Amino acid sequence: MTQCSAVTVIAARFDAPLSKGDDNSSHPDGASLSTAGTEIGWDTPDGMARRERHVRSWLSIWPDLDAAMAFHRDHRNYLPVLARATESVAMVGLPYACHGTLNWLPSGAAADLYPQLSKRPEKAGPVLVMTSLGIGNPQEGLVAFGQGVTAVRKAFAENPAVLMDVNMLPDMPMIDGPTLTLWRSEKDVMAGAYRSDPHKTAMKMRNGALARASFTRMAVVAAEGIWDGYDVGQA
C-alpha cells in the first residue's frame, strides 16, 4: 500500500490570552513541516491583522499516515499547554486535492507540501480545508481584504455545515497564514464556499494586497475534542 502524506491539526481555546512563553513546544520529530500560531482578527480600521491569543493552533505535515497517527495519539504530551484549554480539538487529515502557491517551501508550490496525495474519498464524509493567503503590498487594498475576511467568517459561523473555523497568524510572520475549516462534506464545501456569497465574491478579489493563495482539501481520518460546544468526533 502506497503511503500518503498526512496532516495533523490541533486547535485550543483558553479563558485568558496566552503569553509568548506559555507554549514552548518545538518542531515535532518526523514532521516534514510544522508551524504554530494564534487566532487572527481582520476587523480593524487599518486592515492590519490583530493577534487574538486566547486561541492557538498547531499544524504539521507528515510523510505518511503512520507518523501522523503516532503524533495524534501523543499530542497532549507534546503540548502540555492543552491542559489549560477550555476546549480543544485534534484531527488527522489525508490531503487529496491542492492548488496554488505559498511561501512555505522554496518552490512556492502548494503541491510540494504533499509528495503523495491520497485518492479522493469514495464515500461522503467530513472534509478539512486549508487555505492560505500571502500579503503583498499592505497599502493596496488590505482594508477591503480584511472586510471580506470578516464577512466570510461571519457567514461561516452561521452555516451549520461549518463545524470549525480557525484562522492562524503564524508565530513567524513571514509564513503565509493558513485558514482551517472543517465541513460536514465536500458537497457542503462547494455550496458554502464556491456557490454562495460572501465567499464566492471574496475568491474573485484581486488587488495589490494579495500576493498568492492556495487551498488543500483533506479527508478526515481521525478527530477528537470539542469546538464551540460541538464534539468533532461525532462527524
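Predicted model: local features only at pLDDT ≥ 70, side-chain atom pairs only at ≥ 80, totals over all residues.
Trainee: How is a pair of aromatic rings described?

Mentor: You give the distance of the centres and the angle of the planes. Keep those two in mind as we go.

Trainee: How many aromatic pairs does the count come to here?

Mentor: The count comes to three aromatic pairs. Take Trp62 and Phe71: their ring centres are 5.2 Å apart and the planes sit at 35°, so this pair is tilted.

Trainee: Are Trp62 and Phe71 buried or exposed?

Mentor: Buried means under 20% relative accessible area. Trp62 has 2% relative accessibility, so it counts as buried. Phe71 comes in at 10%, so Phe71 is buried too.

Trainee: And what about the rings of Phe156 and Trp183?

Mentor: Their centres are 5.2 Å apart, but the planes are at 80°, so we call that pair edge-to-face. Now look at where the partners sit: Phe156 is in helix 2 (residues 142–157) and Trp183 is in strand 7 (residues 177–183), so the pair ties together parts 27 residues apart in sequence. Phe156 is buried, at 8% relative accessibility, and Trp183 is buried with a relative accessible area of 2%.

Trainee: Which residues do ring pairs link into a cluster?

Mentor: Trp62, Phe71 and Tyr78. Find them in the structure and follow the ring pairs that link them.

Trainee: Where does the charged end of Arg13 sit?

Mentor: Over a ring, that of Trp227. The charged end of Arg13 is 4.3 Å from the centre of that ring.

Note on methods: Residues numbered from 1 in each chain as written. Heavy atoms only, no water. Phe/Tyr/Trp six-rings, centres within 6.5 Å; stacked < 30°, edge-to-face > 60°. Buried < 20%, exposed > 50% of the residue type's maximum accessible area, 1.4 Å probe, protein only. Helix = DSSP H or I, 4+ residues; strand = E, 2+ residues; numbered from the N terminus. Lys NZ or Arg CZ within 6 Å of the ring centre and 35° of its normal.
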